[in-house]
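Please consider the structure shown below.

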Amino acid sequence: MSREFFSQLTTKDVFVLTTILERYHDQADAFARLLREKLNHATVYFRDDIAGDVVTLNSRVTYRVNGAIAGPHLVVQTHGEDLPANTVSIYTIRGLSLLGLAEGEKTMIEDNGKQQTIFIEAVEFQPEANLRLREHVTVSSRALRPVVDPSPQILMFKPKQNAAKIHYPDDDDPGPFAA
């Protein structure tokens, strides 16, 4: 895989790819080589820190393959023959190559013996960026609303007992009142 940029992965992406690598540890095919290279040369980010234009798991991305537009596709973790047409699995070499690239970045892969150039046109949706946006909107909307405690504010008052009316038992132990 020749590339201009290295992968940017979330901690979740790394965990998923490491799990996949455990299954492919003895293989030397193009997929296993790409998987190892992606993990070896990745910069790892917490989900709150990764840029919004990077392809992560469950991102919707439009990209080019040898100049021809592809997508938008949802980059998914599942694999199998029955995936919807608008998805690309990270269990395929194309899906794996997309993971970790940012808008404007490209990579070269070998897919079924053919060289392909993958170029990221646009990351249309990224779950981490969407979560940050929702959290920001929630915080902003809270700041606009007055803070009102919904629980009832009831205070109970009892009249103070007169110390002269308190009756002490007639025993020898003065108890706590002796202090």
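Which side chain does a polar contact of 2.8 Å join to that of His73? The partner is the side chain of Tyr63; a polar contact is a pair of N or O atoms within 3.5 Å, where within protein one must be able to donate a hydrogen and the other to accept it, and residues adjacent in sequence count only if both atoms are side-chain atoms. This is a predicted model, in which local features need pLDDT of at least 70, side-chain atom pairs count only at pLDDT 80 or more, and totals for chains, interfaces and linings use all residues. Residues are numbered from 1 along each chain as its sequence is written, and side-chain values use heavy atoms, leaving out hydrogens and water.

- Strand β5 (residues 68–76) contains His73; strands are DSSP runs of E with at least two residues, numbered from the N terminus.
- Leaving aside residues up to four places away in sequence, His73 touches Ser59, Arg60, Val61, Tyr63, Ala85, Asn86, Thr87 and Val88, contact meaning heavy atoms within 4.5 Å.

**Backbone geometry**

- Most residues other than glycine have a negative phi, and most peptide bonds are trans.
- A cis peptide bond, with omega near 10°, runs from Gly71 to Pro72, and Pro72 lies in strand β5.
- Asn58, in the loop between β3 (43–45) and β4 (60–65), has a positive phi near 70°.
- Asn66, in the loop between β4 and β5, has a positive phi of about 50°.

Note on methods: Helices (H or I, at least four residues) and strands (E, at least two) are DSSP runs, numbered from the N terminus.
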